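Hi,

Here is the model I promised to pass on.

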Amino acid sequence: MAKNILIADDEPDMADFLSTALEASGYTMDSAASADGIVNKLKTFAPDLIILDMGMPGLNPVTPALDVRNRTHTKSKILIMTGRDIAKEQKEGHLKGSEGALQKGAGMDAIVKKGKEMLPA
């Protein structure tokens with residue numbers, strides 16, 4: 001059975017890139033481009049993983065994953081995508097509510113590998 005992933009990114013090119021990489025690996029994809037979009041999607045789509053842009057408009061910019069959890073009560077795993085220094089974000093507590101982070105600009109292989117690590121068959 002295919003695993004479901006929600007891409008939450010306000011940059012259409014990034015959302016398309018992530019969807020292409022993961023869909024080709026057998027995942028079922030959906031996307032949201034805003035905080036309200038995430039809330040609405042989670043009413044009808046049950047993702048196993050949410051790939052969340054750290055700078056998603058409408059979310060708390062300090063702890064966006066925690067904000068998603070507080071608004072939706074989702075049990076989905078959350079992976080933060082960020083252009084910021086991941087070690088620094090972790091140390092400062094900005095990744096709270098997520099199961100990990102991946103650097104924006106990571107290649108398709110790294111994205112697919114991380115997806116498989118977070119969603120074992």
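This is a predicted model: local features need pLDDT of at least 70, side-chain atom pairs count only at pLDDT 80 or more; totals for chains, interfaces and linings use all residues.

Let me start with a charged pair: Glu 11 forms a salt bridge with Lys 104, with the closest N and O atoms 3.4 Å apart. By salt bridge I mean a side-chain nitrogen of Lys or Arg within 4 Å of a carboxyl oxygen of Asp or Glu. Glu 11 sits in the loop between β1 and α1 and Lys 104 in the loop between β5 and α5, so this pair ties together parts that are 93 residues apart in sequence. Helices (H or I, at least four residues) and strands (E, at least two) are DSSP runs, numbered from the N terminus.

Residues are numbered from 1 along each chain as its sequence is written, and side-chain values use heavy atoms, with hydrogens and water left out.

Back to Lys 104. Asp 9 also forms a salt bridge with Lys 104, again with the closest N and O atoms at 3.4 Å. That pair links distant parts of the chain, 95 residues apart, with Asp 9 in the loop between β1 (4-8) and α1 (12-23) and Lys 104 in the loop between β5 (100-103) and α5 (108-118). Then there is Asp 53, whose salt bridge with Lys 104 has its closest N and O atoms 3.2 Å apart. Asp 53 belongs to strand β3 (residues 49-53), so its pairing with the loop between β5 and α5 ties together parts 51 residues apart in sequence. Put together, Asp 9, Glu 11, Asp 53 and Lys 104 are linked in a network of salt bridges. The structure holds 8 salt bridges.

The cut-offs are under 20% relative accessible area for buried, over 50% for exposed and partly exposed in between (1.4 Å probe, protein chains only).

Thr 82 touches this region too. It is found in strand β4 and counts as buried, at 2% relative accessibility. Leaving aside neighbours within four places in sequence, Thr 82 is in contact (heavy atoms within 4.5 Å) with Met 54, Leu 102, Gln 103 and Lys 104. A polar atom of the Thr 82 side chain lies 2.9 Å from the backbone nitrogen of Arg 84.

Now α3. Its buried residues are Pro 64, Ala 65, Asp 67, Val 68 and Arg 69, and what covers them includes α2 (35-44), β3 and β4. His 73 has a positive phi of about 60° although it is not a glycine, and it is exposed, with a relative accessible area of 60%.

Last, the helix pair. The axes of α1 and α5 (lines fitted to C-alpha atoms over the stretch in contact, with angles from 0 to 180 degrees between N-to-C directions) come within 9 Å and cross at roughly 65°. Phe 17, Leu 18, Thr 20, Ala 21 and Leu 22 of α1 make the contact with Met 108, Ile 111 and Val 112 of α5.

Cheers

Conventions. A polar contact is a pair of N or O atoms within 3.5 Å; within protein, one must be able to donate a hydrogen and the other to accept it, and residues adjacent in sequence count only if both atoms are side-chain atoms.
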